[in-house]
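Subject: Structure for your review

Dear colleague,

Please find below the structure that I am handing over to you. I would be grateful if you kept it open while reading the notes that follow.

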Amino acid sequence: SGQFLQMETTAASGTAGFSTNPFSSNDNKFTVFLVARVRQATTDSGLHGILDLASGTATDASLRLYKDSVTCLTGQGLSGLGCSGTACTACTVEKYTSFSTLNVGFGNPLVTDDNSCAADCAAGCDLRAPPTACLAAWGPAGTQNLQDAESFHVIALNADDVTLNGYIDGYHASGTPPLSVTAT
């Protein structure tokens, strides 16, 4: 599975997180702008980390940006890809159990916005016609596209002490951004 780029309290400490909480007040609103590409190998599984701003203490918030692995119904990976069990980079058209999507987590405890559609696709979904719930999670009407795992994406994350909004490839004309979390 993938790895996360992790910030640490000091270079020598090896301790994940911040020495002070960057999300502690409305004065600390910020935007992270990045370009990312995540390439999944045929046997990769789990989360592929892009950014992990981990909490340094039990009371501080965290921010995590990651991409899920594609998973297929067992044995339904496209032939010739060397798939292992349910892990594969592409499935037979109607046999996806999760899509490779950008996702975020924010807060303490970490609240996630998982767009992989795993809950809606346990019995298999068609990549050409994803369930309505998946489309709604992927962005505003007319731009509801699955993010291609092999492409670069421009990602903007805007956070304050309780809310994280994320915009992918400039899609920001919706009341609900493609990535959105309100911390508890």
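Which residue forms a disulfide with Cys-117? The partner is Cys-134, and the two sulfur atoms are 2.1 Å apart. Please bear in mind throughout that this is a predicted model.

**The disulfides**

A search of the whole structure finds three disulfides. In the one formed by Cys-117 and Cys-134, distant parts of the chain are linked: Cys-117 belongs to the loop between β7 (111-113) and α1 (132-137), whereas Cys-134 is in helix α1, 17 residues apart. Both Cys-117 and Cys-134 are buried. For Cys-117, the relative accessibility is 8%, and it therefore counts as buried, the cut-off being under 20%. The backbone of Cys-117 also deserves a look: its phi is near 70 degrees, which is a positive value in a residue other than glycine.

Another disulfide is formed by Cys-72 and Cys-91, with 2.0 Å between their sulfur atoms. The torsion about this S-S bond is about -85 degrees, so the disulfide of Cys-72 and Cys-91 is left-handed. Because Cys-72 lies in strand β4 (residues 71-72) and Cys-91 in the loop between β4 and β5 (96-98), the pair ties together parts that are 19 residues apart in sequence. Cys-72 and Cys-91 are both buried.

There is also a disulfide that joins Cys-121 to Cys-125, with an S to S distance of 2.0 Å. The link of Cys-121 and Cys-125 is left-handed, with -95 degrees about the S-S bond. Cys-121 has 0% relative accessibility and so counts as buried. Cys-125, at 5% relative accessibility, therefore counts as buried too.

**The nonpolar cores**

The largest nonpolar core has 20 residues. Within this core, the residues with the most contacts are Leu-34, Leu-63, Leu-65 and Leu-157. Two or more residues of the core come from each of the strands β1 (30-36), β2 (47-53), β3 (62-68), β6 (102-107), β8 (153-159), β9 (163-168) and β10 (179-182). Apart from it lies another core, of 12 residues, which includes Val-70, Cys-72, Cys-121 and Trp-138.

Leaving aside neighbours within four places in sequence, Leu-34 is in contact with Ile-50, Leu-51, Leu-65, His-153, Val-154 and Ile-155.

**A sheet of four strands**

In what order do the strands of the open sheet of four strands come? The order is β2-β3-β6-β7, and the pairing is antiparallel. At the edges are β2 and β7, each of which pairs on one side only. On average, neighbouring strands of this sheet are turned by 20 degrees against each other, with direction ignored. The antiparallel pair of β2 and β3 runs over six bridges. As an example to locate, His-48 has Lys-67 in β3 as its bridge partner.

At 2% relative accessibility, Asn-115 counts as buried, because the cut-off is under 20%. A polar atom of the Asn-115 side chain lies 3.5 Å from the backbone oxygen of Pro-178. Not counting residues up to four places away in sequence, Asn-115 touches Thr-101, Leu-102, Asn-103, Ala-137, Trp-138, Pro-178 and Leu-179.

Asn-165 is in strand β9. Its side chain makes a polar contact with the side chain of Ser-180, at 3.2 Å. With neighbours within four places in sequence left aside, the residues in contact with Asn-165 are Ala-156, Leu-157, Asn-158, Pro-177, Leu-179 and Ser-180.

Where in the chain is Pro-109 placed? Pro-109 sits in the loop between β6 and β7. The peptide bond that leads from Asn-108 to Pro-109 is cis, and its omega is near 5 degrees.

Yours sincerely,

A colleague

Key:
Residues are numbered from 1 along each chain as its sequence is written. This is a predicted model: local features need pLDDT of at least 70, side-chain atom pairs count only at pLDDT 80 or more; totals for chains, interfaces and linings use all residues. Side-chain values use heavy atoms; hydrogens and water are left out. A nonpolar core is a set of buried Ala, Val, Leu, Ile, Met, Phe, Trp, Tyr and Cys residues joined through side-chain atoms within 4.5 Å. Buried means under 20% relative accessible area, exposed over 50%, partly exposed in between (1.4 Å probe, protein chains only). Contact means heavy atoms within 4.5 Å. A polar contact is a pair of N or O atoms within 3.5 Å; within protein, one must be able to donate a hydrogen and the other to accept it, and residues adjacent in sequence count only if both atoms are side-chain atoms. A disulfide is a pair of cysteine sulfur atoms within 2.5 Å. Two strands pair if DSSP finds at least two bridges between them. Axes are lines fitted to C-alpha atoms, for helices over the stretch in contact, and angles run from 0 to 180 degrees between N-to-C directions.
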